[in-house]
2 protein chains.
Amino acid sequence: MSLELLSSQKSFGGWHHRYRHHSATLKCDMVFAVYLPPQAEQGASLPVLYWLSGLTCTDENFMQKAGAQRLAAELGLVIVAPDTSPRGPDVPGDPDGAWDFGLGAGFYLNATREPWAQHYRMHDYVVLELPALIEANFPVSDRRGISGHSMGGHGALVCALRNPGRYLSLSAFAPISNPSNCPWGEKAFARYLGEDRDAWREWDTCALLIAADERLPILVDQGEADSFLDVQLKPEVLRATAAAVGHPLTLRLQPGYDHSYYFIASFIDDHLRHHAAALNG
Amino acid sequence: MSLELLSSQKSFGGWHHRYRHHSATLKCDMVFAVYLPPQAEQGASLPVLYWLSGLTCTDENFMQKAGAQRLAAELGLVIVAPDTSPRGPDVPGDPDGAWDFGLGAGFYLNATREPWAQHYRMHDYVVLELPALIEANFPVSDRRGISGHSMGGHGALVCALRNPGRYLSLSAFAPISNPSNCPWGEKAFARYLGEDRDAWREWDTCALLIAADERLPILVDQGEADSFLDVQLKPEVLRATAAAVGHPLTLRLQPGYDHSYYFIASFIDDHLRHHAAALNG
């Protein structure tokens with residue numbers, strides 16, 4: 001697999017690179033961003049935090065707006081930010097041009113229904129293909145953490161819960177906690193997976209928590225002024241489910257904060273320290 | 001003067017607000033952003049840092065990408081980010097639709113040539129009208145600092161040098177240091193001010209430094225990998241001029257950094273501390 005370097009920008013003594021590559025999993029070209037902290041130039045074998053972004057985002061939102069590089073440079077964390085769906089002329093989007101399905105809205109699952117199943121396999125891309133690429137091309141170890149925002153928070157939780165042992169740390173900002181029971185999730189799952197709701201359970205954090213053997217601690221921040229809170233995100237369902245099965249969850253409701261990157265930036269340092277404590281341990 | 005609140009987002013315990021108002025100076029509606037740190041809710045009389053953005057920017061670039069709120073919240077600094085030009089259906093832009101003149105490219109001067117002189121008076125807006133508005137509507141003092149990037153670095157330097165005593169602290173990122181002698185400046189000045197180069201000296205940092213009585217210390221960061229460095233920005237002319245007249249200038253050339261907000265974010269904390277040392281002193 002070859003990587004085409006698109007751009008490089010020095011950032012807090014390290015480097016923000018963007019690359020294009022052909023994804024065999026997604027059957028299209030994909031762009032991702034990687035932040036390499038200064039320690040990468042010393043040949044260190046660094047842990048990697050994967051960041052999954054939300055609806056409509058690309059690799060750029062997090063890198064431009066979260067302000068994560070300052071502390072990542074201090075902690076020696078590599079951060080990898082993939083795109084949020086397959087892209088390109090061959091990849092079908094929402095039939096109505098909506099922003100909450102299709103392009104920019106891959107929901108980090110493996111679709112089973114056509115025409116989506118051809119390209120929409122973001123779970124396998126994020127969990128398997130992209131880490132293999134990162135671990136073959138950068139001075140990193142196989143110590144992985146995963147986090148994300150909204151649809152990407154859902155993605156982070158599902159990727160970790162479905163793959164015990166693959167991630168050593170896990171967190172999320174305002175995740176879609178119970179997609180089987182919210183409008184964004186129901187629309188996406190019905191198309192990507194079909195109408196049989198039993199199949200949805202494999203991609204729903206709350207359902208996965210009930211079935212989980214591994215008890216990887218989860219840190220979640222959720223703004224109380226988030227306009228999507230009650231209808232789409234449902235942190236209280238996450239809290240109740242985790243409590244019922246005894247899964248370690250730190251869910252922090254943050255008064256006044258909304259769904260934006262101003263919220264993420266305000267708490268990203270806590271998440272980076274949460275990941276570094278497990279990944280550098 | 002009335003302020004219309006457009007949006008509010010909690011950020012590091014404080015608030016990022018965007019407002020629209022009618023500018024009598026610019027004869028159009030203008031949008032600006034203000035970051036109020038948590039101390040503002042305690043009725044404190046806080047100092048204000050004005051941030052002037054570069055070509056093509058609005059009030060949003062700095063607030064979204066610089067990562068300044070974290071330390072501003074700690075230092076108790078208010079930050080105000082105006083737009084980069086007058087806007088609206090009555091405001092003429094570049095006749096050829098270029099991005100380096102007109103809309104998004106007001107160059108923080110008072111134009112004297114038509115059709116620009118009607119609206120393009122960003123200097124008076126930034127130095128007089130906007131601070132009056134801020135000081136009448138927010139819990140701030142008249143202790144002001146000013147900084148900016150590229151065209152906005154030029155703006156910050158010129159605003160402070162033309163108005164001795166009005167600002168207590170001054171810095172810039174990659175400023176257009178000698179606009180009378182670079183393509184961006186020559187194009188803009190010839191249109192806004194006319195072909196008489198003597199009139200340009202009032203808006204050129206290097207010319208103003210020679211004439212200055214006040215010796216307000218200047219902090220400048222400049223990326224060495226900035227693609228605009230030699231042709232447009234000319235930090236060495238700034239260095240030589242400051243040295244010649246004994247103006248206190250700390251010019252830091254930063255190896256590997258470019259002209260982007262990744263560069264600004266990497267060094268914004270040093271600038272905030274530079275301003276806070278003078279403004280909180």
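View 1. A:His259 occupies the loop between strand E9 (249-254) and H10 of chain A; helices (H or I, at least four residues) and strands (E, at least two) are DSSP runs, numbered from the N terminus. A:His259 is buried, with a relative accessible area of 15%; buried means under 20% relative accessible area, exposed over 50%, and partly exposed in between (1.4 Å probe, protein chains only). Leaving aside neighbours within four places in sequence, A:His259 is in contact with residues including A:His149, A:Ser150 and A:Asp226, where contact means heavy atoms within 4.5 Å. This is a predicted model in which local features need pLDDT of at least 70 and side-chain atom pairs count only at pLDDT 80 or more, while totals for chains, interfaces and linings use all residues. Residues are numbered from 1 along each chain as its sequence is written, chains are lettered from A and ligands numbered from 1 in the order in which they are written, and side-chain values use heavy atoms, with hydrogens and water left out.

View 2. A:Asp226 lies in the loop between strand E8 (218-223) and helix H8 (229-233) of chain A, and A:Asp226 is buried, with a relative accessible area of 5%. Among the residues that A:Asp226 touches, not counting those up to four places away in sequence, are A:Tyr257 and A:His259.

**View 3. The largest nonpolar core.** Of its 93 residues, A:Phe32, A:Phe107, A:Ile146 and A:Tyr192 touch the most other members. A nonpolar core is a set of buried Ala, Val, Leu, Ile, Met, Phe, Trp, Tyr and Cys residues joined through side-chain atoms within 4.5 Å. Helix H10 (residues 261-279) of chain A supplies the largest share of this core, eight residues.

**View 4. The open sheet of chain B.** Nine strands with mixed pairing follow the order E1-E2-E3-E5-E4-E6-E7-E8-E9; two strands pair if DSSP finds at least two bridges between them. Strands E1 (4-11) and E9 (249-254) of chain B stand at the edges, each with a single partner strand, so one side of each lacks a neighbour in the sheet. E1(B) and strand E2 (residues 14-23) of chain B pair in the antiparallel sense over seven bridges.
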